[in-house]
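The sequence and the structure are shown first.

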Amino acid sequence: MTTALATIFVFGLIVFIHELGHFITAKMSGMQVDEFAIGFGPAIFKVQKGETLYSIRIIPLGGFNRIAGMSPDEPLNERSFYNKPAWKKFIVISAGAVFNFLLAIVLFFGLNATVGNLTYTNAPVIGNIIPGSAAEQAHLQSNDRILTIDGKKISTWDEIRPSLQGTANHGVTVVVDREGETVETTVIPKMEQDSPKIGIYPSYTRETYSIGESFSLAVTRTGQTIVAMLSGLYDMIRGTQAAELSGPVGISQMAGTIAQSGFAPLLSFAAFLSINLGVINLLPLPVLDGGHLIIILAEAITGRKLPAKALMYIQMVGVALMVALFLYVTTQDIFRLL
């Protein structure tokens, strides 16, 4: 249940903000928006307000704005997307990603101003325990200092993971210091994401910030994350870094795990995922917003609009690529789970 709720919250938030960016700028540009939808598939809720149908659909993994005249094959009028100036079309298409970046800034700002910066320590002290995890079943507690695992001395948090290698589904003796008393228990690690885990998080220190510092750090962190993601994509294209991709299944699993450690970490995850969605959408690939932007720029430079048949072929190629990528990452996610 936690995983399902965390997934719906994270996907719903970032998709809503993304589509809201397209929606607001389309309305401000004088375009006719026929439908604003969150999710895909059959509608579970819909209401007509003016010219726009607002709907929530059963699959919460995306959304869309149905703007009149996105294709020259549709009936066109003076409010159609196709008939608007290139600069207005450029703003509307890029607004989704821009709103995702703004959402990240808002979330980081809120976390900085309220929670502060949590810096995990390298001391082998348990900060939080995931409910239902092997650690909870073994009656480990927050603030326990791990002394040994399976007879191996533990001096830093980084030594915990190597000491658990090869112990999945086997009883492991863990000795901890609990308020000056030595306590021994048996933990049975579970295999998660290719390594045995017992469901614990390290302790952390908290640093608080002023409103101004919180905003400055939020902007800086968002910018640094965008640069890091672009650098990682560039390295993957060059082949100097292994491609690590996750689809809805993998992201759902991560959201559920992070949600178990608290709402603040889930908001931080949503901020990173929002930046990720913004960066991916701006890639110059067919169907993605970046592909539309390239077409708009090409039409603006040449002064000629692409033929309808050319647009159709580009969209077909884009859909095929996206389906293939979706199947690949979903298969990888399932294999990781198994």
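Predicted model: local features only at pLDDT ≥ 70, side-chain atom pairs only at ≥ 80, totals over all residues.

Ring pairs join Phe 16, Phe 23, Phe 36 and Tyr 54 into a cluster.

**Aromatic contacts**

In total, the structure contains eight aromatic pairs. One of them, formed by Phe 36 and Tyr 54, is tilted, with 6.3 Å between the ring centres and 55 degrees between the planes. This pair links distant parts of the chain: Phe 36 belongs to strand E1 (residues 33-49) and Tyr 54 to strand E2 (residues 52-67), and the two are 18 residues apart. Phe 36 counts as buried because its relative accessible area is 7%, under the 20% limit. Tyr 54, by contrast, has a relative accessibility of 25% and therefore counts as partly exposed.

A further pair consists of Phe 109 and Phe 215; the ring centres are 6.4 Å apart and the planes stand at 75 degrees, so the pair is edge-to-face. An angle over 60 degrees is what this class requires. Here too distant parts of the chain are linked, since Phe 109 lies in helix H2 (residues 86-114) and Phe 215 in helix H5 (residues 211-238), 106 residues apart.

| Pair | Centre to centre | Angle between planes | Class |
|---|---|---|---|
| Phe 36 and Tyr 54 | 6.3 Å | 55 degrees | tilted |
| Phe 109 and Phe 215 | 6.4 Å | 75 degrees | edge-to-face |

An aromatic ring also takes part in a contact with a charge: the charged end of Lys 89 sits over the ring of Tyr 82, at 5.8 Å from its centre.

**The sheet E6-E5-E7-E8**

Four strands make up an open, antiparallel sheet in the order E6-E5-E7-E8. Its edges are strand E6 (152-153) and strand E8 (181-187), each of which pairs on one side only. Within the sheet, strand E5 (residues 145-149) pairs with strand E7 (residues 172-178) in the antiparallel sense through four bridges. Ile 146 stands opposite Val 176 of E7 in this arrangement.

Strand E7 also runs antiparallel to E8, to which seven bridges join it. Thr 173 has Thr 186 in E8 as its bridge partner. E7 and E8 form a hairpin with two residues between them, and Glu 179 in the turn has a positive phi of about 55 degrees. Five of the seven residues of E7 are buried, and the strand is accordingly mostly covered.

**Helix H8**

Helix H8 (residues 289-302) comprises 14 residues and reaches 20 Å from its first C-alpha to its last, close to the 20 Å expected. Its buried residues are Asp 289, Gly 290, Gly 291, Leu 293, Ile 295, Ile 296 and Glu 299. Just after H8, Gly 303 adopts a positive phi of about 75 degrees.

**The chain as a whole**

The chain contains nine helices and twelve strands. It has 338 residues, of which 39% count as buried. Of the contacts between residues at least 6 apart in sequence, 63% join residues at least 24 apart. The chain exposes about 18,300 Å², and carbon and sulfur atoms supply 63% of that area.

How values were computed: Residues numbered from 1 in each chain as written. Heavy atoms only, no water. Phe/Tyr/Trp six-rings, centres within 6.5 Å; stacked < 30°, edge-to-face > 60°. Buried < 20%, exposed > 50% of the residue type's maximum accessible area, 1.4 Å probe, protein only. Lys NZ or Arg CZ within 6 Å of the ring centre and 35° of its normal. Expected span 1.5 Å × (residues − 1). Pairing = 2+ DSSP bridges. Contact = heavy atoms within 4.5 Å. Areas by Shrake-Rupley, 256 points an atom, 1.4 Å probe, with all protein chains shown as cover.
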